[in-house]
Amino acid sequence: QHHQDSLSAVVTVDRNGIQSTIHADQFVIAMGNESRPLCDKIHVPCPIYPVKGHLVTISSSVDCIYNITLPNGIGYAAPMDHKVHGRRLYRLSGFVDFTPNKEPDQHRIDALVNAAKVCLDDVEVIDASACHRPFSADDRPIIGPAAKFGNVFLCTGFGSRGWSVGLGSGSLLASLVLRLPCDIDPEPYLPRRFGARHF
């Protein structure tokens with residue numbers, strides 16, 4: 001339900017098909033790749049796109065606690081907090097493919113593993129997968145009010161950095177929703193940066 005410049009309620013449907021109406025003063029759309037389809041339903045522009053990335057979990061006897069940029073910048077090796085049999089686990093991530101296909105590409109996986117072997121000794125692959133990440137049109141998160149409705153806020157488009165910037169984006173979003181001074185400059189993240197035509 002909406003009036004000309006604000007949303008007053010949303011209707012949800014659970015897995016059993018049961019509808020519920022939720023009334024609120026403010027609404028936040030923070031659904032990753034699903035943000036855009038939801039925004040389309042209420043005619044709020046949301047320029048994010050699902051982009052395929054690869055993830056590989058490996059182990060190594062090298063016990064590094066810092067992120068490693070892989071050779072030729074193809075990705076990153078992020079150390080995980082735990083070890084298996086005395087070996088540090090790392091999450092490799094990399095590549096950006098504009099494709100609807102979600103299947104892992106073995107050539108991409110091999111490239112990440114081979115790049116990690118340059119930096120880490122005795123690499124063993126634990127698992128590998130691919131997923132779609134919600135990238136914004138300019139590769140920066142979209143955080144702030146959608147101009148069509150003064151009480152609808154977007155918090156999406158984080159790409160592969162959702163966990164990394166989650167606390168900062170939450171703080172910024174809370175300040176904007178509550179109309180408090182922001183500790184982080186909101187301007188680079190506001191939806192209106194895409195132009196009045198969209199917002």
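Trainee: Which strands do the buried residues of H2 pack against?

Mentor: They pack against strand E4 (48-60), strand E6 (75-84), strand E7 (87-97) and strand E8 (124-136). Helices (H or I, at least four residues) and strands (E, at least two) are DSSP runs, numbered from the N terminus. This is a predicted model, where local features need pLDDT of at least 70, side-chain atom pairs count only at pLDDT 80 or more, and totals for chains, interfaces and linings use all residues. Residues are numbered from 1 along each chain as its sequence is written, and side-chain values use heavy atoms, with hydrogens and water left out.

Trainee: Which residues in H2 are buried?

Mentor: Ile109, Leu112, Val113, Ala115 and Ala116 are. Buried means under 20% relative accessible area, exposed over 50%, partly exposed in between (1.4 Å probe, protein chains only). They cover an arc of only 160° around the axis, so they sit on the same side of H2; the arc is that of the directions from the helix axis to the C-beta atoms.

Trainee: And what does the face turned away carry?

Mentor: The exposed residues His107 and Val118.

Trainee: Different topic. Which residues does Ser175 contact?

Mentor: Leaving aside neighbours within four places in sequence, Ser175 is in contact (heavy atoms within 4.5 Å) with Leu180, Pro181 and Cys182. Ser175 is in helix H3 (residues 162-178).

Trainee: Is Ser175 buried or exposed?

Mentor: Ser175 counts as buried, because its relative accessibility is 10%.
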